[in-house]
Amino acid sequence: MSPAAESDGALELIDDCLACCGRPEFLPRLAELVRSLGPRQLMVFELSAERASCLVSANFSALRLGEALAARYLDGWFRQDPLLPRLLAVLMAGATRRLAVYLYAAEDRPAKIAPALARILGRLVLMHFEGLPASATPAPLALLSEREAQVCMGILDGRKAEIIAGDMGVTVSTYRRRAYEKLGISSRGALFALCRPR
């Protein structure tokens with residue numbers, strides 16, 4: 001694909017994100033934009049002086065990167081990052097929120113994102129989250145399908161797989177596996193760490 005075609009594709013995806021800012025369609029479109037730029041993981045954290053909370057975890061590969069990142073950041077390691085050589089970070093401050101947008105590249109395939117484009121991504125994310133009220137559903141689950149999110153909410157509520165399956169009329173293991181892959185995690189504990197309340 002030519003650089004001009006890649007640029008046009010990115011601009012169209014940015015336009016799509018702007019058109020649905022503040023709505024549920026925003027995060028899937030943002031994930032599509034970031035995936036098209038090459039990073040293997042997108043994470044967005046809301047920062048305060050005492051803690052960080054995860055707003056977005058999108059994994060674009062089969063690796064379990066999200067689990068390690070969420071655990072480290074939410075346990076106070078958000079002040080330093082051991083994966084810094086593969087990290088592109090954008091810090092954004094708005095009227096009500098301070099956000100850190102992290103894009104992690106694969107070791108063998110670095111993402112080539114210009115600093116100006118990284119700032120645009122940061123502004124898009126800030127615009128989206130600044131206008132949102134608090135939700136009963138943890139923010140990291142927003143990129144999941146409805147069933148995947150329901151299964152994760154059941155797990156977070158402490159319900160056993162058999163009860164979740166009975167309530168939903170589905171086999172839980174498939175939806176749980178898909179959700180964990182999208183979030184970049186591999187265990188219940190990681191789900192709780194990723195979705196812990198602020």
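Student: At what angle do helix α5 and α7 pack?
Tutor: α5 covers residues 146-156, and its axis lies 9 Å from that of α7. Helices here are DSSP runs of H or I of at least four residues, strands are E runs of at least two, and both are numbered from the N terminus. Axes are lines fitted to C-alpha atoms, for helices over the stretch in contact, with angles from 0 to 180 degrees between N-to-C directions. α5 and α7 pack at about 95 degrees.

Student: What kind of model is this?
Tutor: Residues are numbered from 1 along each chain as its sequence is written, and side-chain values use heavy atoms, with hydrogens and water left out. Local features need pLDDT of at least 70, side-chain atom pairs count only at pLDDT 80 or more, and totals for chains, interfaces and linings use all residues; the model is predicted.

Student: Which word describes how α5 and α7 lie to each other?
Tutor: Angles under 35 degrees count as roughly parallel, over 145 as roughly antiparallel, 65 to 115 as roughly perpendicular and the rest as oblique. The angle here is about 95 degrees. α5 and α7 are therefore roughly perpendicular.

Student: How many charged residues are in the contact of α5 with α7?
Tutor: Contact means heavy atoms within 4.5 Å. From α5 come Arg147, Glu148, Val151, Cys152 and Ile155; they meet α7 residues including Val172, Tyr175 and Arg176. By class, Ala, Val, Leu, Ile, Met, Phe, Trp, Tyr, Cys and Pro are nonpolar, Asp, Glu, Lys and Arg are charged, and the others, Gly among them, are polar. The contact has seven nonpolar residues, no polar ones, and a charged count of five.

Student: Which elements are included in the cover over the buried residues of α5?
Tutor: Buried means under 20% relative accessible area, exposed over 50%, and partly exposed in between, with a 1.4 Å probe and protein chains only. In α5 the buried residues are Glu148, Ala149, Val151, Cys152, Gly154, Ile155 and Leu156. Their cover includes α6, α7 and α8 (188-194).

Student: Is valine 170 buried or exposed?
Tutor: Valine 170 sits in the loop between α6 (161-168) and α7 (172-183). Beyond its neighbours within four places in sequence, valine 170 contacts Arg147, Ala165 and Tyr175. Its C-alpha is 8.8 Å from that of arginine 147, 23 residues away along the chain. Relative accessibility is 15%, so valine 170 counts as buried.

Student: Which residues have the most contacts inside the largest nonpolar core?
Tutor: A nonpolar core is a set of buried Ala, Val, Leu, Ile, Met, Phe, Trp, Tyr and Cys residues joined through side-chain atoms within 4.5 Å. The largest has 32 residues. Two or more residues each come from α1 (3-19), α2 (26-37), β1 (41-47), β2 (52-59), β3 (87-93), β4 (98-104) and α4 (115-130). Those with the most contacts inside this core are Leu30, Leu33, Leu42 and Val56.

Student: How many residues does the second, separate core have?
Tutor: Val151, Ile155, Leu156 and Val172 are among its members. Val151 and Ile155 also take part in the contact of α5 with α7. The second core's residue count is 28.

Student: How do α2 and α4 lie to each other?
Tutor: Their axes come within 11 Å and cross at roughly 170 degrees. That makes α2 and α4 roughly antiparallel.

Student: How many nonpolar residues are in the contact of α2 with α4?
Tutor: Phe26, Leu27, Leu30, Leu33, Val34 and Leu37 in α2 meet α4 residues including Leu117, Leu121 and Leu124. The contact of α2 with α4 has no charged residues, one polar, and a nonpolar count of eleven.

Student: How many bridges join β1 to β2?
Tutor: Two strands pair if DSSP finds at least two bridges between them. β1 and β2 form a hairpin with four residues between them. Leucine 42 stands opposite alanine 58, and phenylalanine 45 has cysteine 54 as its bridge partner. The strands run antiparallel, and the number of bridges is seven.

Student: Which residue in β4 is the bridge partner of methionine 43?
Tutor: β1 also pairs with β4, antiparallel, over six bridges. In β4, the partner of methionine 43 is tyrosine 102.

Student: Which residues of β1 point the other way from Gln41, Met43, Phe45 and Leu47?
Tutor: In a regular strand the side chains alternate between the two faces of the sheet. Seven of the seven residues of β1 are buried, so β1 is largely enclosed by the rest of the structure. Pointing the other way are Leu42, Val44 and Glu46.
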